[in-house]
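This briefing goes through selected local features of one structure, grouped by topic. Please read it alongside the sequence and the coordinates shown here.

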Amino acid sequence: MEFSASVAHLGKSTLTFSTGRVAKQANGSVSVSYGDTHVLVTACMSKEPRNMGYFPLMCEYQEKSYAMGKIPGGFIKKEGRPKDWEILGARMIDRPIRPLFPKGFMHEVQVVAMVLSSDGVNDPDVLAINGASCALMLSDIPFARPIAAVRVSRVGEDLLVNPTYKEREQADMDMIVVGTDEKIVMIEAACKEIAESDVEKGFEFAKTYIQKIVNVQKELQAQAGKEKLAGPFAPSTEELTAKVKAQFQDKIAQNYGIEDKAARKEKSQEVCAAAVEYFAREGLLVEAGEEAQEGKVTEGQIKDALEAAEEEYFRRQVLEKEQRPDGRGVADIRAIDCAVRTYPRPHGTALFTRGQTQALAVTTLGTSSDEQMIEALEGERAKHFMLHYAFPPFSVGEVKMMRGPSRRDIGHGALAEKALVNMIPPKEDFPYTMRVVSEILESNGSSSMATVCAASLSLMDAGVPIKAPVAGIALGLVQEGENYKVLTDIAGIEDHCGDMDFKIAGTTSGITAIQLDVKIDGLSAAVIHDALQRAKQARLHILEKMQQALELPRAVVSKYAPKIQSFPIDPDKIGNVIGPGGRMIRKISRDYNVEIDIDDEHAKVFIVAQTQEDLKNAVNYVQGLTKDAEPGEIYEGKVVRLSNFGAFCEILPGKTGLVHISEVSDDYVKDIREVLKEGDAVKVKVINIDQQGRINLSIKKAK
């Protein structure tokens, strides 16, 4: 039997959930529609738990080409590995639902969202998040409570819910807000230097619609939901944790004040080894190859109990004493060091170090042929700014296989790109394609925000006239009931043991990007307000440090970068530049060692050269091809042919006029060959242009 429920008047369309018609063998499935965009979301659970040390949740988001009536490009003609935006869509499903599964639940869960129909107007990513929540609520998979997602954009002074692609292009604030019926659990936002108070208004605006979508999911669950798998899913560890605390609390306290990450990790491993030795001495340890016995524990359980004791100590120290593991106060930022032009040949480089987190950002300038072509549901487009993030294992002192970018790498790169993209000059003003690569050389928390800072400096070092420098900061949280502490510039241990990761990037004028993830059931408006204000203070401090390294973008690009100049052209004169069969454009490219690209749609010419001299000569020649001779103007002409009655001079590329023998000199000239020869450079004045377009020139009047 098919069931459905809807939220009417959610923006310009109705949001509808339906279940019971397709994908019925999944534990839970739902079709979500908005306009003519439809997304199928399924949720499946393994029969038995699988203890992997973490909750094995897998989320997939797929945009099928047939959804927009297209056949995939390339030679294969079928969908292959996930595209970056599909990975980002999967991460946006994963991040808000992961904290809402019960503690200790270790069954494998897979959520798959497939875009089956796209109207090219409404983005399906928000539908996928809502569908994931609804599919889990309908299934027998234990999932705490429904969540809902809405996209909010601001166009002018108006806040819009679930705006279209075109409306989002006009917006100065575009965010996805995900929440329960009470709190916010995830935020993803791109802004054009928006004030904190305006961002908070966007969150409040979203809450009303979130509540409506949550209620509809509850309604559908009441109609078609399955009975949930019962817990508990993990045995109680309180007794074991208490034993560990009783024996090793002093050592845990001693390690708490160690600032160096590697040293603290080594000391923690020593405590773990001592704990294992203690339980073995007491006869309470399950030996290798021995069956599990009541009253005995494994090394893994001891390690988990020790981590729980360390986390409990961390939270108590922060909440009761505002004391952090490295000795900082709750609002303190680690030491910052900035350097630019750290390597000679790349077009722009910057090294940004904050505590034990270090990012090297390298900028490369290219031409329009280096743009990335994107074939997405909303249509094809070209990207002239790209930011890529790499996290090699040595950055955390580990040994791992190095393959392609991970989902985390793609997510962090996309966030940093989002923080900077609205500061990038338009192609009309700076006709370069820009690629920034962030190499994380050390990591102890907040490497994505270090990437934002390093990339901003690297772009300036490359001579990119960005609108303003951008800095980023990550904030954490420790909360017990109504008591909470917001932590500025979180290190790795604070991210691991804390309750949120709130990343905020921006300029001195406002916010450019936000990403919020939580490990609890959500954040109140008060916590979000405090975090935004704290982030603003930190951002301004970091920008001051960055300014000391490089205050403004360099006036010229690197000598190793290609030289590019663009200029408008009369559409009717494009043929002059191309020439019959392309002969003219090939001649210019060959003679001046340049590449020429003509944008027919915007009537612009782009010329690329390796030297400034070649660029200048080619630009002058092309501009000459598109100009008309003007009566009364004086030109530098070149004698190209002599005749008995005068000399023919080229005054502009492809434009030749006649200097009659009587216009050569004030004195009588009997034989023009006595005063001129082919190849001579002469100044000539345009006397007139007759009705047939013939140009009459004078040397004597040019004097």
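The largest cavity holds about 70 Å³ of space in this predicted model. The structure has one cavity of 30 Å³ or more.

**Cavity**
- The lining of the largest cavity consists of Tyr34, Asn122, Asp123, Val126, Leu127, Arg151, Asn162 and Pro163.
- By residue class, that lining has four nonpolar, two polar and two charged members.

**Aromatic rings**
- Counting ring centres within 6.5 Å as a pair, the model contains 13 aromatic pairs.
- One of them joins phenylalanine 645 and phenylalanine 648, with ring centres 6.2 Å apart and planes at 85 degrees; the pair is edge-to-face because the angle is over 60 degrees.
- Phenylalanine 645 is partly exposed, with a relative accessibility of 43%.
- Phenylalanine 648 has a relative accessible area of 17% and is therefore buried, the limit being under 20%.
- One aromatic cluster is formed by Phe55, Phe101, Phe105, Phe143 and Phe233.

**Hairpin of β18 and β19**
- Strand β18 spans residues 471-480 and strand β19 spans residues 483-488; the two pair in the antiparallel sense over six bridges.
- Across this pairing, valine 478 is opposite lysine 485 of β19.
- Two residues lie between the strands of the hairpin, and glycine 481 has a positive phi near 65 degrees.

**Positive phi outside glycine**
- Histidine 9 is a residue other than glycine with a positive phi, near 55 degrees.
- Histidine 9 belongs to strand β1, residues 3-10.
- The relative accessibility of histidine 9 is 70%, so this residue counts as exposed, for which the value must be over 50%.
- Glutamate 322, also not a glycine, has a positive phi of about 55 degrees.
- Glutamate 322 sits in the loop between α7 (299-321) and β11 (336-340).
- With 36% relative accessibility, glutamate 322 counts as partly exposed.

**Serine 443**
- Serine 443 is found in the loop between β17 (433-442) and α9 (447-461).
- Although in a loop, serine 443 is buried, at 9% relative accessibility.
- Leaving out residues up to four places away in sequence, serine 443 touches Lys261, Gln356, Thr357, Phe391, Ser395 and Val396.

**Lysine 677**
- The loop between β27 (655-660) and β28 (681-689) contains lysine 677.
- Lysine 677 has a relative accessible area of 54%, which is over 50%, so this residue counts as exposed.
- Beyond its neighbours within four places in sequence, lysine 677 is in contact with Val639 and Leu642.
- Arginine 641 is 36 residues from lysine 677 along the chain, and the C-alpha atoms of the two are separated by 8.2 Å.

Terms used. Residues numbered from 1 in each chain as written. Predicted model: local features only at pLDDT ≥ 70, side-chain atom pairs only at ≥ 80, totals over all residues. Heavy atoms only, no water. Pairing = 2+ DSSP bridges. Helix = DSSP H or I, 4+ residues; strand = E, 2+ residues; numbered from the N terminus. Buried < 20%, exposed > 50% of the residue type's maximum accessible area, 1.4 Å probe, protein only. Contact = heavy atoms within 4.5 Å. 1 Å grid on protein atoms, 1.4 Å probe; cavity = no way out; pocket = protein on both sides within 12 Å on 5 of 7 lines; lining within 4 Å. Points joined across faces, edges and corners; volume = space filled by probe spheres on them. Nonpolar A, V, L, I, M, F, W, Y, C, P; charged D, E, K, R; others polar. Phe/Tyr/Trp six-rings, centres within 6.5 Å; stacked < 30°, edge-to-face > 60°.
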